[in-house]
Amino acid sequence: MSSNLEQLLATLTPQEQATVEAVAKLLWARRQPSPVPPNDLSAWEWTKLVATSGSFDWLEAEAEDVYTVTDGQPVQWPQP
């Protein structure tokens with residue numbers, strides 16, 4: 001690996017590093033002659049990939065916190 005790339009990676013946060021790693025794995029898998037079909041990945045592997053990819057980071061944004069505990073109506077659950 002080039003020293004420039006190593007220096008750049010060293011400046012990233014752990015979350016950014018995980019995102020770069022996830023994207024690199026995705027790119028590497030796409031160039032393999034026989035990529036692993038999605039059905040061969042376990043739920044845990046998909047969950048880990050999604051959790052580390054940064055795809056849902058936008059949910060942490062304050063602008064997304066649009067509801068309060070006083071919004072909506074109580075749910076009436078049926079009794080068993």
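Student: Which helix holds Val-50?
Tutor: This is a predicted model. Its elements run α-α-α from the N terminus on. Val-50 is found in helix H3.

Student: Is Val-50 buried, partly exposed or exposed?
Tutor: Buried means under 20% relative accessible area, and exposed means over 50%. Val-50 has a relative accessible area of 33%, so the label for Val-50 is partly exposed.

Student: Which residues form a nonpolar patch on the surface, and with how much accessible area together?
Tutor: A patch residue needs over 30% relative accessible area. Val-50 has 33%. The patch consists of Trp-46, Leu-49, Val-50, Phe-56, Trp-58 and Leu-59. Together, their accessible area is about 560 Å².

Student: With which residue does the side chain of Lys-25 meet in a salt bridge?
Tutor: A salt bridge needs a side-chain nitrogen of Lys or Arg within 4 Å of a carboxyl oxygen of Asp or Glu. Here the N to O distance is 3.1 Å. A search of the whole structure finds one salt bridge. The partner of Lys-25 is Glu-21.

Student: By about how much of the helix are Lys-25 and Glu-21 separated?
Tutor: Both residues lie in helix H2. They are four residues apart, so the separation is about one helical turn.

Student: With which side chain does the side chain of Ser-53 make a polar contact?
Tutor: Ser-53 is found in helix H3, residues 43-53. A polar contact needs N or O atoms within 3.5 Å. The side-chain pair here is at 2.7 Å. The partner of Ser-53 is Ser-55.

Student: Which residues does Ser-53 touch, not counting those up to four places away in sequence?
Tutor: Contact means heavy atoms within 4.5 Å. Leaving out residues up to four places away, Ser-53 touches Thr-19 and Ala-22.

Student: What share of the residues in the protein is buried?
Tutor: The protein has three helices and zero strands. Its accessible surface comes to about 7,700 Å², with 60% belonging to carbon and sulfur atoms. Of the 80 residues, the buried share is 2%.

Terms used: Residues are numbered from 1 along each chain as its sequence is written. This is a predicted model: local features need pLDDT of at least 70, side-chain atom pairs count only at pLDDT 80 or more; totals for chains, interfaces and linings use all residues. Side-chain values use heavy atoms; hydrogens and water are left out. Helices (H or I, at least four residues) and strands (E, at least two) are DSSP runs, numbered from the N terminus. A polar contact is a pair of N or O atoms within 3.5 Å; within protein, one must be able to donate a hydrogen and the other to accept it, and residues adjacent in sequence count only if both atoms are side-chain atoms. Patches are made of residues with over 30% relative accessible area and no salt bridge: like charges are joined within 9 Å, nonpolar side chains (Val, Leu, Ile, Met, Phe, Trp, Tyr) within 5 Å. Accessible areas come from the Shrake-Rupley method with a 1.4 Å probe; for residues, only the protein chains shown count as cover. Buried means under 20% relative accessible area, exposed over 50%, partly exposed in between (1.4 Å probe, protein chains only).
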